[in-house]
Amino acid sequence: MAEATIHKGGCHCGAVRYEVSTALDTPVISCNCSICQKKGTLLSFVPADAFKLLSGKDAVQDYQFNTKNIHHLFCKTCGVTSFATGTAPNGTRMVAINVRCLDDVDLKALSVMDYDGRSM
(Lines give C-alpha, C1' and ligand atoms only; values in the text may rest on other atoms or scores of the structure.)
Protein backbone atom coordinates (compact mmCIF):
# COMPACT_ATOMS: atom_id res chain seq x y z
CA MET A 1 0.00 0.00 0.00
CA ALA A 2 1.39 3.38 -1.04
CA GLU A 3 1.87 6.21 1.39
CA ALA A 4 -0.83 8.89 1.38
CA THR A 5 0.09 12.21 -0.17
CA ILE A 6 -1.65 15.58 -0.19
CA HIS A 7 -3.55 16.39 -3.38
CA LYS A 8 -5.25 19.71 -4.08
CA GLY A 9 -8.41 20.03 -6.09
CA GLY A 10 -11.60 21.92 -6.65
CA CYS A 11 -14.23 23.08 -9.07
CA HIS A 12 -13.82 24.59 -12.54
CA CYS A 13 -14.13 28.28 -11.59
CA GLY A 14 -11.88 27.99 -8.51
CA ALA A 15 -14.47 29.06 -5.94
CA VAL A 16 -14.25 25.64 -4.24
CA ARG A 17 -10.75 24.48 -3.26
CA TYR A 18 -9.69 21.64 -0.99
CA GLU A 19 -6.86 19.32 -0.14
CA VAL A 20 -7.09 15.63 0.55
CA SER A 21 -4.64 13.08 1.89
CA THR A 22 -4.93 9.85 -0.07
CA ALA A 23 -2.70 7.26 -1.73
CA LEU A 24 -4.81 6.60 -4.86
CA ASP A 25 -3.17 3.17 -5.12
CA THR A 26 -6.47 1.30 -4.88
CA PRO A 27 -8.91 1.39 -7.80
CA VAL A 28 -11.08 4.48 -8.13
CA ILE A 29 -14.76 3.78 -8.57
CA SER A 30 -16.80 4.36 -11.69
CA CYS A 31 -20.40 4.07 -10.48
CA ASN A 32 -23.39 3.64 -12.79
CA CYS A 33 -26.04 5.01 -10.39
CA SER A 34 -28.45 7.59 -11.73
CA ILE A 35 -26.29 10.57 -10.71
CA CYS A 36 -22.69 9.31 -11.03
CA GLN A 37 -23.20 7.98 -14.55
CA LYS A 38 -24.60 11.29 -15.77
CA LYS A 39 -21.80 13.30 -14.10
CA GLY A 40 -19.00 10.94 -15.14
CA THR A 41 -17.38 10.97 -11.70
CA LEU A 42 -14.46 8.78 -10.71
CA LEU A 43 -14.59 8.37 -6.95
CA SER A 44 -12.10 7.79 -4.18
CA PHE A 45 -13.41 7.59 -0.62
CA VAL A 46 -11.47 9.01 2.32
CA PRO A 47 -12.21 9.49 6.03
CA ALA A 48 -13.53 12.98 6.78
CA ASP A 49 -10.36 13.89 8.71
CA ALA A 50 -8.28 13.33 5.53
CA PHE A 51 -10.15 16.16 3.78
CA LYS A 52 -9.80 19.91 4.32
CA LEU A 53 -11.99 22.49 2.58
CA LEU A 54 -9.70 25.45 1.88
CA SER A 55 -12.26 27.78 0.35
CA GLY A 56 -15.82 27.78 -0.92
CA LYS A 57 -17.92 26.80 2.08
CA ASP A 58 -20.52 29.36 0.99
CA ALA A 59 -20.05 28.51 -2.70
CA VAL A 60 -21.43 24.97 -2.53
CA GLN A 61 -25.01 23.85 -2.89
CA ASP A 62 -26.23 20.54 -1.43
CA TYR A 63 -28.27 18.06 -3.45
CA GLN A 64 -29.72 14.89 -1.91
CA PHE A 65 -31.91 12.16 -3.32
CA ASN A 66 -33.11 8.61 -2.62
CA THR A 67 -31.95 7.74 0.95
CA LYS A 68 -30.51 11.25 1.43
CA ASN A 69 -27.41 9.71 3.00
CA ILE A 70 -24.95 11.46 0.68
CA HIS A 71 -24.59 15.23 0.35
CA HIS A 72 -23.78 15.80 -3.32
CA LEU A 73 -22.10 19.21 -3.10
CA PHE A 74 -21.61 21.28 -6.22
CA CYS A 75 -20.32 24.78 -6.93
CA LYS A 76 -23.18 27.29 -7.26
CA THR A 77 -21.18 29.22 -9.88
CA CYS A 78 -19.83 26.58 -12.29
CA GLY A 79 -21.90 23.52 -11.30
CA VAL A 80 -18.95 21.14 -10.83
CA THR A 81 -19.23 18.44 -8.17
CA SER A 82 -15.69 17.94 -6.90
CA PHE A 83 -16.61 16.10 -3.68
CA ALA A 84 -19.51 14.74 -1.65
CA THR A 85 -19.91 13.94 2.04
CA GLY A 86 -21.78 11.23 3.85
CA THR A 87 -21.69 8.36 6.28
CA ALA A 88 -19.97 5.06 5.49
CA PRO A 89 -21.80 1.79 6.20
CA ASN A 90 -19.81 1.46 9.45
CA GLY A 91 -21.13 4.84 10.65
CA THR A 92 -17.97 6.93 10.15
CA ARG A 93 -18.01 10.21 8.28
CA MET A 94 -16.46 10.02 4.83
CA VAL A 95 -15.79 12.18 1.81
CA ALA A 96 -16.13 10.98 -1.77
CA ILE A 97 -13.54 12.75 -3.90
CA ASN A 98 -14.14 13.16 -7.62
CA VAL A 99 -10.56 12.41 -8.68
CA ARG A 100 -11.25 14.13 -12.02
CA CYS A 101 -11.15 17.37 -9.99
CA LEU A 102 -7.70 16.81 -8.47
CA ASP A 103 -5.06 19.12 -9.93
CA ASP A 104 -2.10 16.76 -10.11
CA VAL A 105 -3.50 13.34 -10.99
CA ASP A 106 -2.87 11.48 -14.25
CA LEU A 107 -6.20 9.72 -14.74
CA LYS A 108 -4.66 7.27 -17.22
CA ALA A 109 -2.36 5.99 -14.48
CA LEU A 110 -5.24 5.03 -12.19
CA SER A 111 -6.91 1.68 -11.93
CA VAL A 112 -10.70 1.96 -12.37
CA MET A 113 -13.25 -0.42 -10.85
CA ASP A 114 -16.84 -0.47 -12.07
CA TYR A 115 -19.50 -0.39 -9.35
CA ASP A 116 -23.14 -1.28 -9.98
CA GLY A 117 -24.80 1.47 -7.98
CA ARG A 118 -27.86 1.28 -10.18
CA SER A 119 -28.84 -2.04 -8.59
CA MET A 120 -28.48 -0.79 -5.01
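Strands here are DSSP runs of E with at least two residues, numbered from the N terminus. Keep in mind throughout that this is a predicted model.

**View 1. G56 sits in a loop between two strands.** On one side of this loop is strand 5 (51–55), and on the other is strand 6 (60–63). G56 has 15% relative accessibility, so it counts as buried, given that buried means under 20%. Setting aside residues up to four places away in sequence, G56 touches A15 and V16. Look over to G86, 30 residues apart from G56 along the chain, and the two C-alpha atoms are separated by 18 Å.

**View 2. A84 belongs to strand 8 (residues 83–87).** N98 is 14 residues apart from A84 along the chain, and their C-alpha atoms are separated by 8.2 Å.

**View 3. The largest pocket holds about 830 Å³ of space.** Its lining is made of 30 residues, and nearest the centre you'll find C31, C33, F45, I70 and Y115. Among the elements that each give at least two lining residues are helix 1 (36–39), strand 7 (70–75) and strand 9 (93–98). Sorted by class, the lining has 16 nonpolar, eleven polar and three charged residues.

**View 4. The second largest pocket holds about 200 Å³.** It is lined by 17 residues, with T22, A23, L24, T26 and F45 closest to its centre. Strand 4 supplies the largest share of this lining, five residues.

Technical notes:
Residues are numbered from 1 along each chain as its sequence is written. This is a predicted model: local features need pLDDT of at least 70, side-chain atom pairs count only at pLDDT 80 or more; totals for chains, interfaces and linings use all residues. Side-chain values use heavy atoms; hydrogens and water are left out. Helices (H or I, at least four residues) and strands (E, at least two) are DSSP runs, numbered from the N terminus. Buried means under 20% relative accessible area, exposed over 50%, partly exposed in between (1.4 Å probe, protein chains only). Contact means heavy atoms within 4.5 Å. On a 1 Å grid over the protein atoms alone, a cavity is a set of points where a 1.4 Å probe fits but cannot get out, and a pocket is an open set with protein on both sides within 12 Å along at least five of seven lines; lining residues have an atom within 4 Å of a point. Grid points are joined across faces, edges and corners, and a volume is the space filled by probe spheres set on the points. Ala, Val, Leu, Ile, Met, Phe, Trp, Tyr, Cys and Pro count as nonpolar, Asp, Glu, Lys and Arg as charged, and the others, Gly among them, as polar.
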